[in-house]
Every structure is written in structure tokens, then in C-alpha cells.
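Me: I have a structure to go through and I am new to it. Can we take it step by step?

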Amino acid sequence: QVQLVESGGGLVQPGGSLRLSCAASGSIFRVYAMGWYRQAPGKQRELVAAMTSGGSTNYADSVKGRFTISRDNAKNTVTLQMNSLKPEDTAVYYCNAEVSPTITTRRNDYWGQGTQVTVSS
């Protein structure tokens, strides 16, 4: 089984910064893309940022220039640095990873439990 454990959410004032971290553990043969999604109340879950194992990135237009994703392939971790936070960034943030648990297992999507980010004065 694969587990994703997130940390780093919390309450921050507009214009502030937060750093989210996620570590994948368990039965892992290979990790492909890792990323972050978010879901605000009453809205669908949306991609925030993702990074392939080769380093290619994809960001939502709403966070470009403010958020930065990075990962450590050796440790199977992914980090999201969030700067210049806005109230509309308030949501539950979920870590996501595409993982093949064994050499013979097709890759699957795995999710963390979610961490709350609240941007408010």
C-alpha cells in the first residue's frame, strides 16, 4: 500500500506565505508525477501544480508567479511554496502521486488526506 502524508497547512493573512510538504511511503517501485490539488467549499477539486519525475511543471493560471512546486525524487517528497496568498486560495489542499507499487503493477493515483489552508485577515 502507498501512503501520502501532508503537512504545512494553516491560517495565514492575505499576502502571507505557507509551505506544504508531502511524503510518499509504503510499497513503491516508481513515482511518476506528483502534485497538489485543492478543493474549496462548493467547488470541484482542481489542479494547483504538478511536476513530472523529469522536472516538467504545470501550474494553474491562478497561481502562476506565486506558487512554486519542487520535489525530491530520492525521498519521494513534493513541496508547494505558496507566496502572496489571497483569500481565494482558501481550500483543502491534497497531495497526489502517480505510483507503480511494484515492477509488475500499473501506475495508480494516490491521494493524501488533505490539509486546510485558510487565507484571512
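Predicted model: local features only at pLDDT ≥ 70, side-chain atom pairs only at ≥ 80, totals over all residues.

Me: What counts as a strand here, and when do two of them pair?
Reply: Strands are DSSP runs of E with at least two residues, numbered from the N terminus. Two strands pair if DSSP finds at least two bridges between them.

Me: OK, over how many bridges do β4 and β5 pair?
Reply: Five bridges, in the antiparallel sense, between β4 (residues 30–39) and β5 (residues 46–51). The two strands form a hairpin with six residues between them. In that turn, Gly42 has a positive phi of about 75 degrees.

Me: What about Gln44, buried or exposed?
Reply: Gln44 is exposed, at 72% relative accessibility (exposed is over 50% relative accessible area, buried is under 20%, and partly exposed is in between, with a 1.4 Å probe and protein chains only). Gln44 belongs to the loop between β4 and β5. Apart from neighbours within four places in sequence, Gln44 is in contact with Arg38 and Gln39, contact being heavy atoms within 4.5 Å.

Me: Which strand does β5 join next?
Reply: β6 (residues 57–59) is joined to β5 by three bridges, and the two run antiparallel. Met51 has Thr57 as its bridge partner in β6. The β5 and β6 hairpin has five residues between the strands, and Gly55 there takes a positive phi near 105 degrees.

Me: Where is Ser53?
Reply: In the loop between β5 and β6. Ser53 counts as partly exposed, at 39% relative accessibility. Ser53 and Tyr32 are 21 residues apart in sequence, yet their C-alpha atoms are 5.4 Å apart in space. Beyond neighbours within four places in sequence, Ser53 is in contact with Val31, Tyr32, Arg71 and Asn73.

Me: Tyr32 again. Which charged end sits over the ring of Tyr32?
Reply: That of Arg107, 3.6 Å from the ring centre. The rule asks for NZ of Lys or CZ of Arg within 6 Å of the ring centre and within 35 degrees of the ring normal. Likewise, the charged end of Arg45 sits over the ring of Trp111, 4.7 Å from its centre.

Me: How many aromatic pairs are there?
Reply: One aromatic pair is counted, using rings of Phe, Tyr and Trp (its six-membered ring) with centres within 6.5 Å; planes under 30 degrees apart are stacked, over 60 edge-to-face and the rest tilted. The pair is Tyr37 and Trp111, and it is edge-to-face because the ring centres are 5.0 Å apart and the planes are at 70 degrees. Tyr37 is in β4 and Trp111 in β10 (residues 108–111), 74 residues apart, so the pair links distant parts of the chain. Tyr37 is partly exposed at 24% relative accessibility, and Trp111 is partly exposed at 37%.

Me: Different topic. What is the strand order in the open sheet of four strands?
Reply: β1-β3-β8-β7, with antiparallel pairing. β1 (2–7) and β7 (67–72) are at the edges with a single partner strand each, so one side of each has no neighbour in the sheet. β1 and β3 (residues 18–26) are joined by six bridges. Glu6 has Cys22 in β3 as its bridge partner.

Me: And β8?
Reply: β8 covers residues 77–82 and holds Thr79. Thr79 is buried, with a relative accessible area of 12%. Leaving out neighbours within four places in sequence, its contacts include Trp36, Thr68 and Ile69.

Me: How many residues are in the largest nonpolar core?
Reply: 31 residues. A nonpolar core is a set of buried Ala, Val, Leu, Ile, Met, Phe, Trp, Tyr and Cys residues joined through side-chain atoms within 4.5 Å. Among those with the most contacts inside the core are Trp36, Val48 and Tyr93.

Me: Which strand gives the most to this core?
Reply: β9, with five residues.

Me: What does Tyr93 touch?
Reply: Setting aside neighbours within four places in sequence, Tyr93 is in contact with residues including Glu6, Trp36, Val48, Phe67 and Val117.

Technical notes
Residues numbered from 1 in each chain as written. Heavy atoms only, no water.
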